[in-house]
Amino acid sequence: MSSCSTGRAPARSPPLSSTVTQMLNMLDTAAEQMMVHKDFQAAFDTCDRGLESLTCSMEPEDTRCGEFKAAFCILGIQALAELNRWHGVLSWVLQQYEHQEKIPAKIMQMCVLLYSKVGEPALMQEAAGIWLRCPSNSEASGFGTVAELHLLHVLVPLGHAEEARDLIAGEVGCAAFTEDQRQTALDVVEEKERQSREAPLNPGGSPNSEITAHPVPTQGTVIHKLGAILKFLYRKFLRSGSGSFPLRRVFLAAVLLYMLFVRMDPALPSAFMWISKLLELLKQMWSDMFAPYYQTLTQSL
C-alpha cells in the first residue's frame, strides 16, 4: 500500500523540436524589430526568411505549420503597411497560400481593412468574394466577420448595391448573419443608395464652395450657445448672493467652455472671430458685474 500511495513524478512534456524553436525565435525577432526598433524592412525580411524556412522544414499537414505561417504573414502585412508598400500585400499573401480561398480568415480581414483604409477596396473585391463563396470557409470562426467587412468596406463604398443584396440574401448571408443582421445589412445598403441619390449636386458651383458653405451656420450656432451659457453662469452667480465673486473661476469656466465647444487653434486666422467674441462676452460680464460699484464710487467722490 505504501508503494501504491507513493505519487509518481509528473510526466514531462516532450521537448520542442529545433524547427519549432527556430520558428518561435524568428517570430520574436520580427516582432521586436517592428515594435521596439521600428525597423519595418528588417521585420519583413525576417518574416520572409521564416516563411521560407517553414516551407522547407515542416510538413504542411502539421497544424503548427499553419499557425506559424499565419503569424509570419500577419507581421509581414503590418511591416509592408508601415513601409507604404500596401499595394503588394495581397500578391505577397497569395505567394504563401497560392489560392484566395486558402487564406485564413484573420489575414483576409486584415487585407480588407488595409485596402479599405488606403482607399482601394476594389482590389479586394474579387479575392474576398472567392473566399466567401468557398464552402469550406463557411465553417471558419471568422467567416461572419469577413462577410461583414466585405459588405461594409468593399461592396457598399463601391456602390455595388445589387451584389450586396445578393450576398445578404444568398448562401453567404444565411451562413454569416442572423435574420436581424440580414435585415440591418439591407437597411444599410438602402440607406447608402438613398444618400447617393440625394447627394447635393451644384452644377454651377465647385465642390469646395459646398464644403466651405457648411461651417457658417455651425459657427453662429456655437457662438450663440457659448454666449447663452456664459450669461446663464452670470445669472446663477448673481443669485448666489455671495459677497465676493470668484473671478478666476468665471474666467476658467469661460476658457473651458471655449475649448469644449469651439476646439480651434488660437494661432489660426479663422480663430480670431471666436476669440474676439469670447473677449466681448467677458467684457460685457465684467461691466455688468462691476458697473454699479464704479458708479457708486464715482458719485461718492
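Trainee: Which side chains meet in a salt bridge with a distance of 3.2 Å, N to O?

Mentor: Please keep in mind that this is a predicted model. A salt bridge pairs a side-chain nitrogen of Lys or Arg with a carboxyl oxygen of Asp or Glu within 4 Å. Here the side chains of Arg165 and Glu162 form such a pair, at 3.2 Å from N to O.

Trainee: With which residue does Arg165 form a salt bridge whose closest N and O atoms are 2.3 Å apart?

Mentor: That residue is Glu193. The pair links distant parts of the chain, since Arg165 is in helix α9 and Glu193 is in helix α11 (residues 179-197), 28 residues apart. Glu193 is partly exposed, with 25% relative accessibility.

Trainee: Which residues are linked in a network of salt bridges?

Mentor: The network consists of Glu162, Arg165 and Glu193. Arg165 takes part in the bridge with Glu162 and in the bridge with Glu193.

Trainee: How many salt bridges does the structure hold?

Mentor: There are 5. One of them joins the side chains of Glu179 and Arg182, at 2.3 Å from N to O. These two residues lie in helix α11, 3 residues apart, about one turn of the helix.

Trainee: Are Glu179 and Arg182 buried or exposed?

Mentor: Glu179 is exposed, at 51% relative accessibility, whereas Arg182 is buried, with a relative accessible area of 17%.

Trainee: Let us turn to the backbone. What is phi of Asn84 near?

Mentor: The general idea is that most residues other than glycine have a negative phi. In this structure, Asn84 has a positive phi, near 60°. Asn84 is placed in the loop between α4 (63-82) and α5 (89-97), and it is exposed, with a relative accessible area of 54%.

Trainee: What is phi of Glu98 near, and where does Glu98 lie?

Mentor: Phi of Glu98 is near 70°, again a positive value in a residue other than glycine. Glu98 lies in the loop between α5 and α6 (105-117). At 60% relative accessibility, Glu98 counts as exposed.

Conventions. Residues numbered from 1 in each chain as written. Predicted model: local features only at pLDDT ≥ 70, side-chain atom pairs only at ≥ 80, totals over all residues. Heavy atoms only, no water. Helix = DSSP H or I, 4+ residues; strand = E, 2+ residues; numbered from the N terminus. Buried < 20%, exposed > 50% of the residue type's maximum accessible area, 1.4 Å probe, protein only.
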